[in-house]
Amino acid sequence: MAEYANIVRRALGQIGGHGGVRGFFLQLFRVNDVKTGALVGLDKYGNKYFEDRKKYFFGRHRWVIYTTEMNGKNTFWQVDASMVPPEWHRWLHCMTDDPPTTHPLEPKKFLAEVHQFNVSGSSQQYVPFPTTSKKIHEWVPPTAGAQ
């Protein structure tokens, strides 16, 4: 009987940790994962970073709940890992144990002030302009009236 009580207690903790039943299902449908843990910090875009070393094994003990809008784009259903800024990327991938809230990253000249997420596959993607002539040309069939 104590096992069932433990299951119910954990289920209520999951639902309460996400702001109720609605928040629980929104999180489940957005990222296919629901976890509860201690809030470690918040970045300037609104992403929330969590950690729980007791319930989850190494590599799954840190996670992010993405913001619903970034750089003027609605990202509610389109979450992307490139929405994480570099200072929090270090902490999420266990390159450091100190989050940027307690130990901020020293500024580097190659880091952008405004973090841009990946635009590959969209109309804003970078397409290089060819500066050399083609070495292989397509075959064009002769027309019937050209002979």
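## A walk through the predicted model

In strand 2, K48 is the residue that stands opposite L42.

Strand 2 covers residues 48-51 and runs antiparallel to strand 1, to which it is joined by 4 bridges. The two strands form a hairpin with 5 residues between them, and in this hairpin G46 takes a positive phi near 105°.

The hairpin leads on to the sheet. Strands of a sheet pair through backbone hydrogen bonds, and they may do so in a parallel or an antiparallel way. Here 3 strands form an open sheet with antiparallel pairing, and their order is 1-2-3. Strand 1, at residues 38-42, and strand 3, at residues 62-65, are the edge strands, each of them pairing on one side only. On average, and with direction ignored, neighbouring strands of this sheet are turned by 30° against each other.

From the sheet the reader may turn to the helices. Helix 2 spans residues 21-31, and F25 has its place there. Is F25 buried, exposed or partly exposed? With a relative accessibility of 39%, F25 counts as partly exposed, because the partly exposed class lies between the limit for buried, under 20%, and the limit for exposed, over 50%. F25 also belongs to a nonpolar surface patch of about 470 Å², which it makes together with V21, F29 and W77.

Helix 1, which covers residues 2-17, holds E3. The relative accessible area of E3 is 62%, and E3 is therefore exposed, since the exposed class begins over 50%. How far apart in space are E3 and A144, taken from C-alpha to C-alpha? The two residues lie 83 Å apart in space, and in sequence they are separated by 141 residues.

How values were computed:
Residues are numbered from 1 along each chain as its sequence is written. This is a predicted model: local features need pLDDT of at least 70, side-chain atom pairs count only at pLDDT 80 or more; totals for chains, interfaces and linings use all residues. Side-chain values use heavy atoms; hydrogens and water are left out. Two strands pair if DSSP finds at least two bridges between them. Axes are lines fitted to C-alpha atoms, for helices over the stretch in contact, and angles run from 0 to 180 degrees between N-to-C directions. Patches are made of residues with over 30% relative accessible area and no salt bridge: like charges are joined within 9 Å, nonpolar side chains (Val, Leu, Ile, Met, Phe, Trp, Tyr) within 5 Å. Accessible areas come from the Shrake-Rupley method with a 1.4 Å probe; for residues, only the protein chains shown count as cover. A salt bridge is a side-chain nitrogen of Lys or Arg within 4 Å of a carboxyl oxygen of Asp or Glu. Buried means under 20% relative accessible area, exposed over 50%, partly exposed in between (1.4 Å probe, protein chains only).
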